[in-house]
Amino acid sequence: MAQGRTPSQTIGPFFHEALRWKDGGRVTFAEAGQAIVLAGRVLDGAGAPVTDAMVETWQLSPLGRTPAAASGDAKPHGFGRVETGPDGRFRIETAMPGGELPCIDVAFFARGLLKPLRTRVYLAPLEKVRADPVLKALSASERVKTLVAEPTAAGEYRWDVRLQGEGETVFFAA
Amino acid sequence: MNDMTRPDTLDPPYLYPGYGSTLLRAPREPLLQIPAGTLDVPGPSVPRGFARDGENDLTRHGKSAPLGEKMILTGRLLDADGRPVRRSLVEIWQANASGRYAHPGDRHDAPLDPNFSGIGRTFTDDEGRYRFVTVKPGAYPWKNHAFAWRPQHIHFSLLGNAPVQRLITQMYFPGDPLLAIDPVYNSVPDEAARTRMVAALALESGIEGIAMGYTFDIVLGGARATPLGI
Ligand SMILES: [Fe+2]
């Protein structure tokens, strides 16, 4: 029997301890892979840091597979969950996702977001990202680059997120 | 083109001026329409051992019982086809009976309860059922507008079985006069959908002489993501 869905509501400002997982920012996999870091800052429409967001990530394993189920009392493989800090920064230690076009699905939850903002960050050069059929509606746009993380130090990728305004990150209708 | 053109429009909009915090956090650009099914992939699988026995009883996390009206909160986690979402993680958080969160950011001048953290988690069973033992949270003031008070509520986080089922919501209480003027609750455009966030009083699912009973079923999206046979 079809049922009406329960609507989304904001996570509010008081979620931290309830949703904080031990090592939530260290993503594990059943397979070994190339260690990388995804780090950045979340800014609002005034350019101020968003200091109370939760960031969740989900990605393919280093071999390009759906991450295998974890066991015991472990957190799930392939899944990251972190908070932004007082400067709006977040940091996820993970492994390079497998597949042709490595990318990580990301959801943002925060006070002032009545439903999550979803998007995808690519760990690949802009020209390759532009060709992704998922971004077809956007392929000629300058805005594609808001979804491309910039390699910095060895294994570190920098990705800043603007919720609103100049340089606004592309978010998905989902 | 915006998200209201999608078939599923029951969630609140990003920009809802009555809720001031949306003003600088709602995107202004149209959302990108991506090919159907792009995000409809299998999701994280949380091992059952991730929640320990007893984490669903918020009245036993201190040295003695917390203050407040004790309540048994039960319900089912379902997909949009009415099938149970089994063995799935449910995380909750709430204010204490005085309307204060055990959170460093909560400046409301109401007492903390040393016997109440307001945090619980559990897994649904094979029928999609969950159960929490807790106390009824108090209403609390917030700075959204003059004399603003949030209705009593419990925050819920559900992972479901797939990213398309991921849901964070709030459960409200029947007959709360604050619901009519709460912008967060009223940001959901459809009245029937709003009502689905309100628990039902079900005294017989409580404990005779000890705890009131409330029931709250949660329906997730993405029916086709629910694995069959697990
Ligand atoms: Fe709250």
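This is a working chat about a predicted model with chains A and B and the contacts between them.

User: Before we start, what should I know about the model and the numbering?
Analyst: This is a predicted model, in which local features need pLDDT of at least 70 and side-chain atom pairs count only at pLDDT 80 or more, whereas totals for chains, interfaces and linings use all residues. Residues are numbered from 1 along each chain as its sequence is written, chains are lettered from A and ligands numbered from 1 in the order in which they are written, and side-chain values use heavy atoms, with hydrogens and water left out.

User: OK, how many residues of each chain are in contact across the A and B interface?
Analyst: On chain A there are 65 residues in contact with 75 residues of chain B, where contact means heavy atoms within 4.5 Å. The two chains bury about 6,000 Å² between them, 60% of it on carbon and sulfur atoms; buried area here is the accessible area (1.4 Å probe) that two parts lose on being put together, summed over both.

User: Which three residues of chain A supply more of its buried area than any other three?
Analyst: Those are A:Arg5, A:Gln9 and A:Phe14, which supply 15% of the area that chain A buries against chain B.

User: And how many salt bridges and polar contacts cross over?
Analyst: The rule finds five salt bridges across the interface, a salt bridge being a side-chain nitrogen of Lys or Arg within 4 Å of a carboxyl oxygen of Asp or Glu. One of the salt bridges joins the side chains of A:Arg81 and B:Glu91, at 3.2 Å from N to O.

User: Which element gives the most to chain A's side?
Analyst: Helix H1 of chain A gives the most, with four residues; helices (H or I, at least four residues) and strands (E, at least two) are DSSP runs, numbered from the N terminus. The residues on that side divide into 36 nonpolar, 14 polar and 15 charged, with Ala, Val, Leu, Ile, Met, Phe, Trp, Tyr, Cys and Pro counted as nonpolar, Asp, Glu, Lys and Arg as charged, and the others, Gly among them, as polar.

User: Which strands of the two chains are joined by bridges?
Analyst: Strand S10 of chain A is joined by two bridges to strand S1 of chain B (residues 32-33), and these strands run parallel; two strands pair if DSSP finds at least two bridges between them. A:Phe172 stands opposite B:Leu32.

User: Back to B:Glu91, what is its bridge partner in S8(B)?
Analyst: The partner of B:Glu91 in S8(B) is B:Ser157, and strand S3 of chain B (residues 89-94) pairs with S8(B) in the antiparallel sense over five bridges. S8(B) also pairs with strand S9 of chain B (residues 167-172), antiparallel over six bridges.

User: Why is S8(B) largely enclosed?
Analyst: Six of the six residues of S8(B) (residues 153-158) are buried, so the strand is largely enclosed by the rest of the structure. Buried means under 20% relative accessible area, exposed over 50%, and partly exposed in between (1.4 Å probe, protein chains only). B:His153, B:His155 and B:Ser157 are buried on one side, and B:Ile154, B:Phe156 and B:Leu158 on the other.

User: Switching to loops, where is A:Gln164, and is it buried or exposed?
Analyst: A:Gln164 is in the loop between strand S9 (161-162) and S10 of chain A, and it is buried, with a relative accessible area of 1%. The side chain of A:Gln164 makes a polar contact with that of B:Arg28 at 3.4 Å. Beyond neighbours within four places in sequence, A:Gln164 is in contact with residues including A:Asp44, A:Gly45 and B:Leu23.

User: Which residues other than glycine have a positive phi?
Analyst: Among them are A:Asp23, with phi near 55 degrees, and B:Phe147, with phi of about 55 degrees. Most residues other than glycine have a negative phi. A:Asp23 is partly exposed at 36% relative accessible area, whereas B:Phe147 counts as exposed at 79% relative accessibility.

Methods:
A polar contact is a pair of N or O atoms within 3.5 Å; within protein, one must be able to donate a hydrogen and the other to accept it, and residues adjacent in sequence count only if both atoms are side-chain atoms.
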